[in-house]
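Dear colleague,

Here is the structure I said I would pass on. My notes on it follow below.

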Amino acid sequence: MSGVHERQQDVDIDLGGLFGAIWRNRMRVLLATVACAGVAFVGANLIAPKYKGEARLLIETREPAFTTGQDRAQGGERPAFDELGIASQVQLLQSSDLIKQVARNMKLYELDEFDTTAKPSAVSDLLVLLGIKKNPLDLPPEERVLKEFTSKLVVYQVERSRVIGIEFSSKDPRLAAEIPNEMAKVYLSLQSGAKLDTNSEATRWLEPEIANLREKVREAEQKVAEYRSQSGLLPTGENSNFAVQQLNDISAEVARVRGERANAEARAESVRAMLKSGGAPDTLTDVVGSQMIQRLKESEAQIQGQISDLSTSMLEGHPRLKGLRAQLAGVRVQIKAETQKILSSLENEAKTAGLRESQLVQQLNVLKANAARAGEEEVDLKALEREATAQRQLLETYLARYREATTRTDSSSTPADARVISAAVEPTEVSFPKVVPITVVGGIAGFALSAIAILLAELFSGRALKPVGAAAVAPYRREENEAELVPVATLRDPVIPKDSATRPDYGAIRDIHAPARSLLSDIGPVEEDEDEAQEAPVAEAGPADDGDFSVAAVARHLIENNISVTVSVSPSGDRGSTATVMLARHIAEEHRKTLIIDLTGSACPTRLMAQSVHLPGITDLLVGDAAFGDIIHGDRLSGAHIIPRGNANIKRAMRGIDRLAMVIDSLSDAYDTVIVECGPAEVEGVRRLTRGQETDIILSIPGAQEDEIVELIGAFGEAGYNEIVLMTGEGAEPPRHPGRRAA
């Protein structure tokens, strides 16, 4: 297909035409809006009113009143509820068990609103009797209430919070408030009861476990005591036993004895050195500390004093002085002998300390071996002690849990992990139906539906579609010696596609100044039906309106009489064809789907309406070179459509004139008005086209004389056409009663 044809198929939606269609049908839209609003108003008033109540719960972790901060520190902080925890509580509030409990508490099965099957209809009883339907009364009352209750209940989590809302709708405002409050009460009771059950189960489980643990602790401690006794690992301190304690004591004693021995040896050595040197013994601590030495020293001092006193009055040879000097020498000998005894004592003390040290070292070696053995045995002892300690700690933990669970068996001591923060109150306003909003929505829906229906009708009819580029209207100029306006573009040379040189010459397009002719002129002669010729009725041509043969009057005549197919004959040639194009455009402006078929030899309608004279048309369809979708094109200046003359050989195409009647009949089903422009066709060609069927004929004869009009009407009347409409293209100078003169 050529590029020209592709551009011809591009169309756009005319938004102005769409809104214009809605405005033209504003009364229908208004009636539809008012009707829908009225229906919505009546329906809203017929619906039984419903009231809605709402209660809200805050989900939080709650501890018993007697729990102290120390208990919480020991037990650890309980984690707060997360999103999944809140969602689980929402599902719990919608559980069947909770709803059944509420229904039992409030006796909802006694209300017709919740138990519609309590009073079954006769049809329901018949179905139950025939076994087609189960008897709803066989179910418990709570089961029958469950479905209706669930349909009225809405439980949701408030966004970005731990708050759960409970909404319930009912025909009774009192029930709408009481049921959410009762649900919250039952929910808190179930939560508290779950904690009570947990504590009771913990108490029952801990009692035998504690008794068993006590026996295990006793056995473990007994094993520790027996092993300690058998191995001699008697405890002497927090982390010590008897063998270790002995080893420590002996080690300390050995150190002490070694010190004493060393001290005695040092003292004896000092005394021995003093005696060897002949020094004064009173310089040694051990010698000075001896009482005997002290007494001897005192005697030596007294004798020394007496010698000094007597030396002043007596000579050295005096017996008294000699006796005193002899006593002094004896005392000094005694002092020396006594010092020797002290030395011997110190030496004996050192020897004794050495012997004690040897004994202690032997004992120390024995205790070391015992301590090593005790260390090996203590490993097993510690294992037994660890087992006993573990059993004891577990027993103490169980005892603490048992005491805690026992103190929480009271209902007041186990609060639920939720509390009511907003109780439902009895509503005073109806939640559904809202009469005013429903009425407004109904009116809007009616307006929208009616507008959509009009828009769809415009779109499917093609009236709201316009070819792309059709906005720019071609300028017009008046040709010399012609009354109608001809587009300037049509007076120029036609645009020949690039491939026109290779196109077969099925008949060139006639120039606008060529003699006017019709494609029907190439139809072969047919035998005239003698009966039809003899019985042909006398034709009477009438104007669309009395005294008006203008294009507008003819268009109004076709629209008012809903004429779907009409044949236009233009004896004056292109002037008449131009008037026919104006007629098609005028009808299309009235939002009727209009199609004009160009059967003129000069292709005048094609030049005036189509983008190119080389588009495929009716001749291409008749010879089989094109399909329906390829030959229908839009008018560049209006919403009408045109089937161009085409490019095929005319004589070859007119051999299928019999198919042309079927084509026109098919097109009449898709379009409101189909105009077949035949140009200056003869009566015989028109008869062959219409196959003798009753068809309206339009004589487009602008500027024709009265005698010519009478002659043409007479010719078509003799051919059997009694519906002939004159169209002069002007509204001021129609011939007076031409049909009657022809008659």
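**A buried aspartate, a sheet and a helix**

Asp635 counts as buried, since its relative accessibility is 0% (buried means under 20% relative accessible area, exposed over 50%, partly exposed in between, with a 1.4 Å probe and protein chains only). This is a predicted model, in which local features need pLDDT of at least 70 and side-chain atom pairs count only at pLDDT 80 or more, while totals for chains, interfaces and linings use all residues. Residues are numbered from 1 along each chain as its sequence is written, and side-chain values use heavy atoms, with hydrogens and water left out.

Asp635 sits in the loop between strand 12 (633–634) and strand 13 (helices, H or I of at least four residues, and strands, E of at least two, are DSSP runs numbered from the N terminus). The side chains of Asp635 and Arg585 are joined by a polar contact of 2.8 Å (a pair of N or O atoms within 3.5 Å; within protein, one must be able to donate a hydrogen and the other to accept it, and residues adjacent in sequence count only if both atoms are side-chain atoms). In sequence Asp635 and Arg585 are 50 residues apart; C-alpha to C-alpha, they are 8.5 Å apart in space.

Strand 11 (residues 594–598) has five of its five residues buried. Thr594, Ile596 and Asp598 point one way from it, and Leu595 and Ile597 the other way. Strand 11 pairs in the parallel sense with strand 14 (residues 673–679) over five bridges (strands pair if DSSP finds at least two bridges between them). Thr673 in strand 14 is the bridge partner of Thr594. Strand 11 also pairs in the parallel sense with strand 13 (residues 641–643), over three bridges, and there Ile597 has Ile643 as its bridge partner.

Elsewhere, four strands form an open antiparallel sheet in the order 3-4-2-5. Strand 3 and strand 5 (418–422) are at the edges with a single partner strand each, so one side of each has no neighbour in the sheet. Strand 2 and strand 4 are joined by eight bridges, and Tyr51 has Ser170 in strand 4 as its bridge partner.

In helix 5 (residues 83–93), the buried residues are Gly85, Ile86, Gln89, Val90 and Leu93. They lie on the same side of helix 5 because they cover an arc of only 145° around the axis (taken from the directions from the helix axis to the C-beta atoms). The face turned away from that buried side carries the exposed residues Glu83, Leu84 and Gln91.

Regards
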